[in-house]
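Try each task before you read its solution.

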Amino acid sequence: MAKNDVKVLGAWPSPYVMRPRIALNIKSVNYEFLEEKFDSKSELLLQSNPVHKKVPVLIHDDKPICESMIIVEYIDEVWTSGPSILPSDPYDRAIHRFWAAYVDEKWFAAMKGLRSAQGEERKAFLDRVIEGLALLEEAFGKCSKGKAFFGGDRIGLLDIAFGSFLAWLKVTEKVNGVKLLDEAKTPGLVKWAERFCADAAVKSVMPETEKLLEFSKFLAAKMKGAPPPKN
Ligand SMILES: N[C@@H](CCC(=O)N[C@@H](CS)C(=O)NCC(=O)O)C(=O)O
């Protein structure tokens, strides 16, 4: 019989860590949040995620589950009494998973590239971020079918995958002096982002932009002279 002992190993600035926290909030599951230190990983983290040694890790009744989107799907499957996070239709589920993978592998990868790139390379990354947002604007139109979220009336898998990057998107806008989510080019996403950030499941775990900006400056100073991060 499950004890329903739920822990999340995480770090407040991590977009990936927001994902299981939002999912648990949607399901109204209480959990303990254990904040990891950036320069010294806990024994619990090293034991729970020996392959990647990364956060987030969900520990459910002493069993660790790793990788943010796998954790979100696990939460949806285990706590079935709360609102569904994955679409009920198999085709819609496949589309959500497709765009969630795109967001991580292509779009956010380009945004991260901006941190250390200069000149032409920087411009290429910026173009990729903007092109990605245009694709996601189109995907929003198709997935939401005129409703508030990618998931329809409620936050779904793709909302969580993409929405978890919104605070870093705002920081990227500030650091680079550009407007990326733009009323003229991505009107659907602008309104979606407002709704997502205001949602009760998200509000308490979304980092404040100013605090994240300070953290990103600290990170940039630390990385100076060092090779770019692996992810
Ligand atoms: N694909 C992973 C990415 C997780 C990830 O990159 N976590 C970062 C924090 S944002 C981390 O733990 N970094 C520590 C390290 O690389 O040593 C997921 O979705 O969970």
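The protein chain splits into domain 1 (6-78) and domain 2 (90-212), with bounds from an automatic or database domain assignment. The model is predicted: local features need pLDDT of at least 70, side-chain atom pairs count only at pLDDT 80 or more, and totals for chains, interfaces and linings use all residues. Residues are numbered from 1 along each chain as its sequence is written, and side-chain values use heavy atoms, leaving out hydrogens and water.

**Exercise 1.** Describe the contact between domain 1 and domain 2 and the area they bury.

*Step 1.* Over C-alpha atoms, the centres of domain 1 and domain 2 are 22 Å apart.

*Step 2.* Count the residues in contact (heavy atoms within 4.5 Å): domain 1 supplies 15 and domain 2 supplies 21.

*Step 3.* Buried area is the accessible area (1.4 Å probe) that two parts lose on being put together, summed over both. Here the two domains bury about 1,600 Å² between them, 69% of it on carbon and sulfur atoms.

*Step 4.* On the side of domain 1, Trp 12, Met 18 and Arg 19 lose the most area to domain 2, together 34% of what that side buries.

**Exercise 2.** Find the salt bridges between domain 1 and domain 2.

*Step 1.* Look for a side-chain nitrogen of Lys or Arg within 4 Å of a carboxyl oxygen of Asp or Glu.

*Step 2.* The count between domain 1 and domain 2 is two salt bridges.

*Step 3.* Now check Arg 19 again: this residue forms a salt bridge with Asp 104, with the closest N and O atoms 2.7 Å apart.
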